[in-house]
Amino acid sequence: MTKAYVLLSYVLWPALFGCGLLGAYCAFASDHPLLWFNVVYLSIAAGIALFEYLMPYERDWLAPDGEIVNDIAHTLLTKGAVQVAAAAGATFPILVAMVAQPHVGNDDGLWPTNWPLLLQVALALVIAELGLYAAHRYAHERLILWRFHALHHSVERLRVFNTGRFHVVDSIVKAALSQIPLYLLGAPLPVFLWVGAVTAFIGLLTHCNIEMRTGFLDWIFSTPRLHRWHHSRDATVGNTNYCENVVLWDQLLGTYHNPPYPSSTDIGIKGEIAKSFWTQLTQPFTKEGLRQILGRHKKNNAPVVRERVDI
Ligand SMILES: [Zn+2]
Ligand SMILES: [Zn+2]
């Protein structure tokens with residue numbers, strides 16, 4: 001292992017995250033923010049994909065698993081939905097404010113708009129993270145949401161390609177729980193854009209298959225190391241590290257998992273997810289599909305396989 005390799009393994013996470021934020025800054029200052037943000041997002045994803053080949057965490061994960069087309073299709077569906085929401089962002093806060101105003105009881109809202117934008121974004125990340133944490137933990141502990149979230153956990157290797165592999169219902173629940181509190185508090189649109197940018201780049205990095213040494217960053221942000229534990233096939237290990245950006249709520253609520261040895265590469269679920277994109281979308285809504293997701297369809301009268309949820 002050369003010195004350059006070791007140095008890169010330390011600087012790649014902050015460097016890629018920093019490049020993404022710098023690109024987002026330029027995109028948001030342009031006349032076509034969403035278009036340029038997409039260009040930046042895809043460029044960072046391409047850079048991560050390149051480094052996955054140059055310095056992989058797990059070389060076996062580089063082989064095609066036949067799911068790349070489905071991963072990209074789910075990404076486009078969920079990212080597309082997020083962008084429609086972002087485009088409507090200019091008018092949606094007004095609508096929410098009209099509904100919420102009698103309850104909030106303050107014409108200016110509660111949001112500290114006089115704070116520097118950096119502090120507003122930090123505050124918004126912590127508030128949004130509580131919604132993300134609640135949605136994610138509930139999705140692991142309750143069948144009503146695990147049936148959708150299982151799609152994300154069905155991959156047996158983590159790659160940048162499967163970052164956006166979420167069932168659209170899963171994505172909507174998370175977006176609602178993380179964004180609605182910010183709307184009700186009166187956060188301005190730039191805060192939403194920056195929370196979206198931070199979430200996008202940290203999300204790309206959490207799934208990357210790159211040998212990264214994140215050290216003290218593991219105590220602040222959701223890093224690839226923490227997220228690999230979260231994808232562990234062993235549910236007692238996997239039901240940890242729910243936070244998506246900053247890990248504050250995992251630490252406060254006792255679900256932070258960061259033992260002092262390399263994270264497991266035995267990832268996946270006990271059940272089975274359908275092969276085709278459309279069946280993956282409909283599978284959680286049918287009885288047989290649910291049995292497949294829970295791994296209960298394999299043999300008649302087979303003992304019930306205990307999954308991540310209690311039902
Ligand atoms: Zn999860
Ligand atoms: Zn994941």
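Which residues have the most contacts inside the largest nonpolar core? I get Ile44, Ile48, Ala124, Val191, Val195, Phe201 and Leu204, in a core of 55 residues. My core is a set of buried Ala, Val, Leu, Ile, Met, Phe, Trp, Tyr and Cys residues joined through C-beta atoms within 7 Å. Buried is 20 or more other C-beta atoms within 10 Å of the residue's own, with C-beta atoms placed from the backbone.

Helices 1, 2, 5, 6, 7 and 8 each give two or more residues to this core. Helix 8 (189–206) gives the most, with eleven.

I note that this is a predicted model, where local features need pLDDT of at least 70, side-chain atom pairs count only at pLDDT 80 or more, and totals for chains, interfaces and linings use all residues. Residues are numbered from 1 along each chain as its sequence is written, while chains are lettered from A and ligands numbered from 1 in the order written.

I looked up Ile48: beyond four places in sequence, it touches Leu16, Val160, Leu204, Cys208 and Ile210. Contact here is C-beta atoms within 7 Å, placed from the backbone.

For the fold, I count 13 helices and zero strands (DSSP runs numbered from the N terminus: H or I, at least four residues; E, at least two). Of the 311 residues, 38% are buried.

Confidence next: mean pLDDT (the predictor's per-residue confidence, 0 to 100) is 84. Where pLDDT is low, the predicted coordinates should not be read in detail.

Notes. Buried ≥ 20, exposed ≤ 12 C-beta atoms within 10 Å, placed from the backbone. Contact = placed C-beta atoms within 7 Å.
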